[in-house]
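Biologist: I am new to this structure. Please take me through it, one question at a time.

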Amino acid sequence: MEANIAIPSDSRETWSGGGVRPFGASYGKMMMWFFILSDALTFSGFLAAYGLTRFKFIDAWPIADEVFTHIPFVHGNYPMYYVAFMTFILIFSSVTMVLAVDAGHNMKKNKVSWYLFATIIGGLIFVGSQAWEWKTFINGSYGAIKTSDERILHFVKDGHQIALSDFVVGNRGDERITHTKKNGLWFVSGETVPKYSVSQVIASYKADPSIQVKSELVNVDKKQKVILSREKGLEELLKGNQIVEGANLQVNEYGNTIFANFFFFITGFHGFHVFSGILINIIIFFNVALGTYEKRGSYEMVEKVGLYWHFVDLVWVFVFTFFYLV
Amino acid sequence: MAHAHESNVKRIWMVFGLLSVVTVVEVALGIIKPEILYLTRFLGTSPLNWIFIILTLFKAYYITWTFMHMEGEKTWFRRAVVWIALFLICYLVTLLLIEGGYLFDTLGPLVNW
């Protein structure tokens, strides 16, 4: 029996008892740091994989400014502003967190509670904003045609991208409608049939000479997508076999599907960190309010949770740069 | 921590100001995209991208050192975390980006635009 269990052979306290503090850091804090280190490596793995894929498709990668152009309640083309707002929210909630830690060092219970509360609100606003960003991305903005060789074609007029609904006229021509549960077979619904058909889009393109097709290819000198001539555009359009509206894991109206996959995966993984951070903050908030740490005589738990929260902010700084800026 | 019981509130707000200014600069550059920075090339990418990367590392430094209070930890504890992260991330990123460039160089010519 004694060979299998660890029995303290002398009366000295073990590390887990909290008496010995290597590097002057408590067990919990040190382990939080090493957890953060491993989590940072996970995120850098994702971002580096994104980098590899982007380099692989460098001549046809979506331009972030043309993808994330929306802000809530306002129509128009506003790249960057919304994600900048999200960045501010997260940095600010990091500040309230560090203020809570600071107040904890001075044993000011009320201040710690209020700052933690503000941090939780900031986190909720951030997650809400991210949900809106996802919703906008999933619903799409313009609509596109996918060709048989997996290319995405956009439509432009006077150099600006336009939506399918801006120029497509006539009717689908094939009489197809979405099969819903209430028609035909019970509790069976079919794939959503887009409002327009490919042939209808091609006919509308032929009818309006001011419409041009924009390919995925990037002009290296101008860093803009190449706009095709009318003839070349028609040639590409005739290869079209699918209307794409919005983005998901199979198709992406903004360009390469793997861009959408990485977007969902990286911002989703980060958003899940924010979500779990909020949950932990809420638990700690109640502990503070109930006076748990006051009785314990130390607010170090706030500090440890704070480390995690700052890490979430730190990761966002990198996601912001590599998804939206670079 | 030697100064665990003094208040750092002033410094915290200063760092917040600094991070905000850097973010505003990043966003402004991202919206304006000055052609001289955006359309020229320097060390494999545009100078604008280098500016973004440097500003990001600048922000990461301040978040880690002040907000996460790395500056107050013992030297070798700090190094045990930061050096490992820096070394492994640089290693990974270098290899993967070289590999990505190679994939484009070999597969790119096969794609018919």
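Modeller: One definition comes first: the expected span of a helix is 1.5 Å times one less than its number of residues. Note too that this is a predicted model.

Biologist: How far does helix 3 of chain B reach from its first C-alpha to its last?

Modeller: Helix 3 of chain B has 21 residues. At 1.5 Å a residue, 30 Å is expected. The model comes close to that, with a reach of 29 Å.

Biologist: Which residue just after helix 3 of chain B takes a positive phi?

Modeller: The phi there is about 60°. The residue is B:H69.

Biologist: Which element gives the largest share of the side of chain B that touches chain A?

Modeller: The contact takes 44 residues from chain A and 46 residues from chain B. On the chain B side, helix 1 (9-32), helix 3 (47-67) and helix 4 (75-107) each give two or more residues. The largest share is 16 residues, and it comes from helix 4 of chain B.

Biologist: Which element supplies the largest share of the largest nonpolar core?

Modeller: This core has 70 residues, and A:A100, A:V112, A:L116 and A:V302 touch the most other members. Both chains supply it: helix 1 and helix 3 of chain B are among the elements that each give at least two residues. The largest share, 16 residues, comes from helix 10 of chain A.

Biologist: Which residues does A:L116 contact, leaving aside its neighbours within four places in sequence?

Modeller: A:L116 is one of the core members with the most contacts to other members. Beyond its sequence neighbours, its contacts are A:A100, A:N281, A:I284, A:F285 and A:V288.

Biologist: Is A:V101 buried or exposed?

Modeller: A:V101 lies in helix 3 of chain A. It touches A:V302, A:E303 and A:G306, not counting residues up to four places away in sequence. A residue needs 20 or more other C-beta atoms within 10 Å to pass the cut-off. A:V101 has 26 such neighbours, so it is buried.

Biologist: What distance separates the centres of the two domains of chain A?

Modeller: The domain assignment gives domain 1 (22-140 + 259-325) and domain 2 (144-245). The contact between them takes five residues from each domain. On the domain 1 side, these are three nonpolar, one polar and one charged. Over C-alpha atoms, the centres are separated by 37 Å.

Biologist: Why does A:E216 count as buried, and which residues does it contact?

Modeller: A:E216 sits in strand 4 (residues 211-219) of chain A. It is buried because 21 other C-beta atoms lie within 10 Å. Leaving aside neighbours within four places in sequence, its contacts are A:A60, A:R151, A:I152, A:K225 and A:G255.

Biologist: How far apart are the C-alpha atoms of A:E216 and A:H154?

Modeller: Along the chain, A:E216 and A:H154 are 62 residues apart.

Methods:
Residues are numbered from 1 along each chain as its sequence is written. Chains are lettered from A and ligands numbered from 1 in the order in which they are written. This is a predicted model: local features need pLDDT of at least 70, side-chain atom pairs count only at pLDDT 80 or more; totals for chains, interfaces and linings use all residues. Two residues are in contact if their C-beta atoms, placed from the backbone, lie within 7 Å. Helices (H or I, at least four residues) and strands (E, at least two) are DSSP runs, numbered from the N terminus. A nonpolar core is a set of buried Ala, Val, Leu, Ile, Met, Phe, Trp, Tyr and Cys residues joined through C-beta atoms within 7 Å. A residue is buried if 20 or more other C-beta atoms lie within 10 Å of its own, exposed if 12 or fewer, and partly exposed in between; C-beta atoms are placed from the backbone. Domain bounds come from an automatic or database domain assignment. Ala, Val, Leu, Ile, Met, Phe, Trp, Tyr, Cys and Pro count as nonpolar, Asp, Glu, Lys and Arg as charged, and the others, Gly among them, as polar.
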